[in-house]
Amino acid sequence: FSSVELTQAYLNRIKAEDSKYNSFITVTEEQALAQAKTADEAIAAGTAGAFTGLPFAHKDIFCTQGVRTSCASKMLDNFISPYNATVVEKFNAAGGVMLGKTNMDEFAMGSSNESSFYGVAKNPWDTECVPGGSSGGSAAAVAAQLAPAATGTDTGGSIRQPAALCGITGLKPTYGRVSRFGMIAFASSLDQGGPMTKTAEDAAMMLNVMAGFDKNDSTSVDREVPDYTADLNKPLDGLTIGLPKEFFMDDLDSEIAERTQAAIKEFEKLGATVKEVSLPNTALSIPAYYIIAPAEASSNLSRFDGVRYGYRCENPVDLEDLYKRSRGEGFGAEVKRRIMIGAYALSEGFYDAYYNKAQQIRRLIRDDYAKVLSEVDVIMGPTTPHPAFKIGEKTSDPVAMYMEDIFTISLNLAGLPGMSVPCGTVNGLPTGLQIIGDYFAEQKLLNVAHQFQ
Ligand code: GLN
């Protein structure tokens with residue numbers, strides 16, 4: 001079948017099914033069919049690459065020229081991006097077919113997709129449950145087979161946690177591996193884009209397109225991009241796996257703990273050896289992150305002032321009124337909470353007590369990982385402490401929501417790559433196994449994940 005037929009089939013599925021899941025904010029039917037037609041021509045001419053003609057979706061945090069890029073915020077509901085993110089350019093150049101832009105938490109702040117201006121996305125396994133967040137729409141779309149793959153971004157777990165909760169595969173690359181240019185900034189020192197797919201093999205194909213140096217991103221790393229599909233079938237004999245004892249703590253759902261242990265047994269059968277390790281500062285990762293990420297967010301989000309682009313309030317009386325009301329009306333509650341925490345933590349007199357302290361903890365967390373990763377090849381544990389929770393269950397308790405990121409956040413603070421792969425179900429809801437590796441060990445992670453699948 002042709003790319004046009006394949007694309008049309010997915011567009012039909014989105015039309016028929018997405019009212020149940022709300023996983024897309026924008027469907028770009030016309031452009032998708034045009035891209036598919038071009039791809040079919042390239043295939044016929046013999047100039048196609050590995051990704052040519054394959055449909056996928058972009059998280060609505062990536063700027064797409066001529067297409068609304070909302071970041072799931074009222075602030076950007078009317079924003080048509082005048083340029084493409086580097087990641088978007090790369091998929092265009094590879095001949096990919098964008099089906100549309102997926103739902104997410106507003107400005108990627110959340111773990112449940114409930115802070116979206118466009119309403120919550122639903123978990124396809126149980127539509128009364130959240131899909132996780134912030135890349136909840138991407139996870140739901142892939143799980144419901146409305147798209148074979150999607151991009152996501154991960155600042156504290158936003159690729160891995162929704163992947164786990166929706167039973168799919170998600171990879172957060174090493175910080176600097178995927179360009180952040182045109183990816184709307186939340187916390188610049190933590191943000192990283194990556195693939196969300198059914199399988200590790202698909203993730204490898206996506207990462208082949210996404211990864212690489214970009215002169216437009218000052219933290220992009222100039223390092224060769226390997227073929228991420230090359231090592232998928234390597235045997236795992238001799239692999240050493242570290243199990244951090246802090247990841248198997250009291251609050252972990254006992255059945256998730258069992259699924260994780262069962263997965264580890266599988267790896268032993270595949271030739272791996274397992275040892276207990278310790279990441280002693282794990283518990284500090286949440287408080288440190290919830291200073292650093294809001295601090296960076298308060299700075300990044302200052303550009304939304306109602307003047308240059310995005311939402312502007314009606315009839316401002318003066319400039320101050322314009323700023324205040326545009327931001328007051330344009331941002332949702334969680335975004336405002338982060339801006340206030342961040343501005344407070346950075347303010348004179350509190351900077352040392354909060355921001356500097358958090359940076360010191362960040363260093364300790366990084367050192368913990370460096371020590372363990374000098375002794376083992378990969379670290380494994382559960383991706384989340386619980387399976388998907390009910391919509392509304394945690395909205396009144398932000399700290400309970402923040403605690404859902406306990407296993408994912410430390411990785412972003414260290415800048416390391418991590419993956420979540422499907423790991424069975426608990427009461428009919430999927431769980432994820434997290435696989436963590438050293439800097440730029442994406443190929444190894446994909447290999448380990450592929451052997452498990
Ligand atoms: N849940 C975390 C937060 O709300 C992480 C979000 C993300 O990775 N974008 O900040």
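Q: Where do domain bounds come from, and which domains is this chain divided into?

A: Domain bounds are taken from an automatic or database domain assignment. Here the chain splits into domain 1 (3-210), domain 2 (240-282 + 358-452) and domain 3 (286-353). Residue numbers start from 1 along each chain as its sequence is written. The model is predicted: local features need pLDDT of at least 70 and side-chain atom pairs count only at pLDDT 80 or more, while totals for chains, interfaces and linings use all residues.

Q: How many residues of domain 1 are in contact with domain 2?

A: Two residues are in contact if their C-beta atoms, placed from the backbone, lie within 7 Å. By that rule, 37 residues of domain 1 are in contact with 37 residues of domain 2. On the domain 1 side, α5 (160-166), β5 (169-172) and α6 (200-210) each supply at least two residues. Helices (H or I, at least four residues) and strands (E, at least two) are DSSP runs, numbered from the N terminus. The most is given by α5, with 6 residues. By class, this side of domain 1 has 17 nonpolar, 12 polar and 8 charged residues. In that classification Ala, Val, Leu, Ile, Met, Phe, Trp, Tyr, Cys and Pro are nonpolar, Asp, Glu, Lys and Arg are charged, and the others, Gly among them, are polar. The centres of domain 1 and domain 2, taken over C-alpha atoms, are separated by 24 Å.

Q: What does the UniProt record place at residues 5-446?

A: UniProt positions use the numbering of this chain, feature names are shortened, and annotations may be inferred rather than shown by experiment. The record, an unreviewed entry, places "domain: Amidase" at residues 5-446. Over that stretch the chain is 37% helix and 14% strand, and the end C-alpha atoms lie 30 Å apart.

Q: Which residues does the UniProt annotation "active site" cover?

A: In the unreviewed entry the annotation covers Lys59, Ser134 and Ser158. They are spread over 100 residues of sequence but cluster in space, with a largest C-alpha distance of 11.1 Å.

Q: Where does Ser134 lie, and what is the peptide bond from Gly133 to Ser134?

A: Ser134 is in the loop between β3 and α4. The peptide bond from Gly133 to Ser134 is cis, with omega near 10°. Ser134 counts as buried because it has 34 C-beta neighbours inside 10 Å. Not counting residues up to four places away in sequence, Ser134 touches Met104, Asp105, Ala108, Met109, Gly110, Asn113 and Ser158.

Q: Which residues come nearest to the ligand?

A: A residue is near a molecule if its C-beta atom, placed from the backbone, lies within 6 Å of it. Of the 13 residues around the ligand, Ala108, Ser111, Thr155, Gly156 and Ser158 come nearest. The shell divides into 4 nonpolar, 7 polar and 2 charged residues.

Q: Which residues have the most contacts inside the largest nonpolar core?

A: In soluble globular proteins, nonpolar side chains tend to be buried together. A nonpolar core is a set of buried Ala, Val, Leu, Ile, Met, Phe, Trp, Tyr and Cys residues joined through C-beta atoms within 7 Å. The largest such core here has 125 residues, and those with the most contacts inside it are Leu99, Ala139, Ala141, Val142, Ala147, Val378 and Ile435. Apart from neighbours within four places in sequence, Ala141 is in contact with Ser23, Phe24, Ala57, Thr102, Leu146, Ala147 and Ala150.

Q: How many residues of α4 are buried?

A: In α4, 8 of its 8 residues are buried. Among them are Gly136, Ser138 and Val142.

Q: What is the phi of Gln145, and is Gln145 buried or exposed?

A: Gln145 has a phi near 55°, a positive value in a residue other than glycine. The residue is in the loop between α4 and β4 (149-153). Gln145 counts as exposed because it has 12 C-beta neighbours inside 10 Å. Phe440, also not a glycine, has a positive phi of about 60°. Phe440 lies in the loop between β11 (429-436) and α14 (442-452), and is partly exposed, with 18 other C-beta atoms within 10 Å.

Definitions and conventions: A residue is buried if 20 or more other C-beta atoms lie within 10 Å of its own, exposed if 12 or fewer, and partly exposed in between; C-beta atoms are placed from the backbone.
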